[in-house]
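Visitor: Can you walk me through this one? Keep it quick, please.

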Amino acid sequence: MTPQVNIFEAKTNLSKLIEQVERGGEVIIARAGKPVARLTQLEPKKRKKPIRFGLMKGEIWVADDFDDPLPDDVLKEFEGDIFPPEKPIAERQKRRAGKARGR
């Protein structure tokens, strides 16, 4: 049967309880006699398969000019030059206020 200890006892004897769990045991921790936690041994992490480089050799390619500067028209799209500049917030608020008044 799995031993049950109260929280105070678990705090007082934590090192002993961990040794018990390391040997394959399990401990239930209770508060006022009601089980609230289980102390168990962690399962070892599964090792990931090592990365194998070169599996796609000859299947993919990168253009010689992939890191050349972008053309000006493409840069403008990223930098926002294709849209008109925004008006200041105060100007937009005045215009909205005028529309609300019926101007």
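This is a predicted model: local features need pLDDT of at least 70, side-chain atom pairs count only at pLDDT 80 or more; totals for chains, interfaces and linings use all residues.

Guide: The chain exposes about 10500 Å², and carbon and sulfur atoms supply 55% of that area. Accessible areas come from the Shrake-Rupley method with a 1.4 Å probe, and for residues only the protein chains shown count as cover.

Visitor: How many helices and strands in the chain?

Guide: Four helices and three strands. The order from the N terminus is β-α-α-β-β-α-α. Helices (H or I, at least four residues) and strands (E, at least two) are DSSP runs, numbered from the N terminus.

Visitor: What share of the residues is buried?

Guide: Buried residues are 9% of the 103 in the chain. Buried means under 20% relative accessible area, exposed means over 50%, and partly exposed lies in between (1.4 Å probe, protein chains only).

Visitor: Which residues make the largest nonpolar core?

Guide: Six: Val-5, Ala-10, Leu-17, Val-21, Val-27 and Ile-29. α2 and β2 each supply at least two residues of this core. A nonpolar core is a set of buried Ala, Val, Leu, Ile, Met, Phe, Trp, Tyr and Cys residues joined through side-chain atoms within 4.5 Å.

Visitor: And what does Ile-29 touch?

Guide: Leaving out residues up to four places away in sequence, Ile-29 touches Val-5, Asn-6, Ile-7, Ala-10, Lys-34, Pro-35, Val-36 and Ala-37. Contact means heavy atoms within 4.5 Å.

Visitor: Switching topic. How many salt bridges in the whole structure?

Guide: One. The side chains of Arg-38 and Glu-26 form it, at 3.4 Å, N to O. Arg-38 is in strand β3 and Glu-26 in the loop between α2 (14-22) and β2 (27-31), 12 residues apart. The cut-off is a side-chain nitrogen of Lys or Arg within 4 Å of a carboxyl oxygen of Asp or Glu.

Visitor: Is Arg-38 buried or exposed?

Guide: Arg-38 counts as exposed, because its relative accessibility is 57%. Glu-26 is partly exposed at 28%.

Visitor: Which residues make the nonpolar surface patch?

Guide: Leu-55, Met-56 and Ile-60, over about 340 Å². Patch residues have over 30% relative accessible area and no salt bridge; like charges are joined within 9 Å, nonpolar side chains (Val, Leu, Ile, Met, Phe, Trp, Tyr) within 5 Å.

Visitor: Where is Met-56?

Guide: In the loop between β3 (34-39) and α3 (72-79). Met-56 is partly exposed, with a relative accessible area of 47%.

How values were computed
Residues are numbered from 1 along each chain as its sequence is written. Side-chain values use heavy atoms; hydrogens and water are left out.
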